[in-house]
Amino acid sequence: MSIISKDISKAVALLNQEKLVAIPTETVYGLAGNIFSEKAIDSIFKTKQRPLFNPLIVHIPSIDYLETIVARIPEKAKLLAEAFWPGPITLVLKKKEVIPDVITAGKDTVAVRIPNHPTTLELLKQLDFPLAAPSANPFNRISPTSAEHVESYFKNDIKMVLDGGTCTSGIESTIIGFENDEPIIYRLGSTSIEDIENIVGSVEIKNKKNSVPNAPGMLARHYAPNTKTILVTDISDAIKQFQGKNIGILAFENEIKNKAIKFQIVLSKTGNVSEAATNLYSALHQLDEQDLDIIIAERLPNHDIGKSINDRLQRATK
Ligand code: TXA
Ligand code: MG
């Protein structure tokens with residue numbers, strides 16, 4: 001029997017029993033549990049096979065709730081919350097005592113956001129606690145953007161995926177921390193740098209591979225298909241290096257005509273980077289199912305969400 005269901009009250013019941021429920025958000029599906037339940041949080045790490053040093057994002061129902069869990073809110077954090085919540089931006093702020101150490105991997109900060117999905121906002125309203133929710137994929141695998149993706153990963157491990165359809169933004173939230181009250185981007189994501197800088201002025205980016213003490217989840221290899229994947233600027237040129245192989249193509253805008261190609265997905269026929277983001281993970285899931293020797297992905301234009309997509313593709317290639 002399928003574990004996919006639209007029944008919010010069933011999700012409430014399971015979460016109240018310290019069980020996990022996969023929840024829809026505008027970015028990707030999350031594997032959610034009660035932040036105050038040691039048992040639920042333990043199951044999140046076990047189910048995902050996630051290392052304990054990698055902290056979780058806390059999903060809250062309203063801006064007002066922030067004060068319950070956060071000790072200090074810098075002025076620019078307030079501006080960002082007001083501008084983008086509910087939405088795909090996560091703020092890393094000094095935590096209050098109530099947040100268990102296992103949520104934050106022992107750090108004195110907590111990552112928090114209000115997701116912009118009607119089903120999950122309703123769910124959060126009906127609960128007495130916020131939800132810790134990492135993306136609902138096994139550690140290092142492609143994030144899920146549909147209830148079916150989650151089901152195929154975890155049908156034997158969890159009781160329910162709350163169905164909210166396909167995720168509209170398609171890649172994870174942008175993560176912002178604060179150093180001396182100034183915003184720093186720790187993870188590129190669904191809220192573009194351009195939009196963020198419109199609200200708070202110029203921001204520094206510290207998401208370099210391997211060198212990010214602040215966001216331990218930003219490993220060099222992440223978000224990865226099982227199939228070997230490379231990221232290139234010129235697909236036709238790259239195809240020449242893989243003669244005789246089963247080649248899959250992830251193109252941005254234009255279909256590549258070449259007999260050597262076994263399977264191809266175009267992310268946005270109109271060349272729209274947001275549409276490309278919406279389709280990205282689903283495309284990687286599909287490509288990964290084709291028994292290919294190599295996936296050749298095309299680098300996107302380096303603006304707006306294009307930057308975030310290039311970041312994800314880069315991490316998929318290691
Ligand atoms: O869009 C999203 O953010 C999705 C949906 C489900 O909300 N969630 C998500 O969670 O992407 P996850 O666990 O896959 O990624 C969370 C990232 C990790 O890289 C983690 O290291 C970072 O957030 N993080 C969590 N708490 C942090 C903290 N206190 N300081 C710095 N980074 C933190
Ligand atoms: Mg993740």
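Modeller: In this structure, α4 passes α8 in a right-handed crossing, that is, one with the near helix turned clockwise from the far one by less than a right angle. The model is predicted, so local features need pLDDT of at least 70 and side-chain atom pairs count only at pLDDT 80 or more, while totals for chains, interfaces and linings use all residues. Residues are numbered from 1 along each chain as its sequence is written, and side-chain values use heavy atoms, with hydrogens and water left out.

Helix α4 covers residues 75-84 and helix α8 residues 193-200; helices here are DSSP runs (H or I, at least four residues) numbered from the N terminus. Two packed helices are described by the angle and the distance between their axes. The axes of α4 and α8 come within 9 Å and cross at roughly 125 degrees, where axes are lines fitted to C-alpha atoms over the stretch in contact and angles run from 0 to 180 degrees between N-to-C directions. The two helices, α4 and α8, are therefore oblique to each other (under 35 degrees is roughly parallel, over 145 roughly antiparallel, 65 to 115 roughly perpendicular, and the rest oblique).

On the α4 side, the contact (heavy atoms within 4.5 Å) involves Lys 76, Leu 79, Leu 80, Ala 83 and Phe 84; these meet Asp 195, Ile 196, Ile 199 and Val 200 in α8. By class, this contact of α4 with α8 has seven nonpolar residues, two charged and no polar ones (Ala, Val, Leu, Ile, Met, Phe, Trp, Tyr, Cys and Pro count as nonpolar, Asp, Glu, Lys and Arg as charged, and the others, Gly among them, as polar).

Notes:
Chains lettered and ligands numbered in written order.
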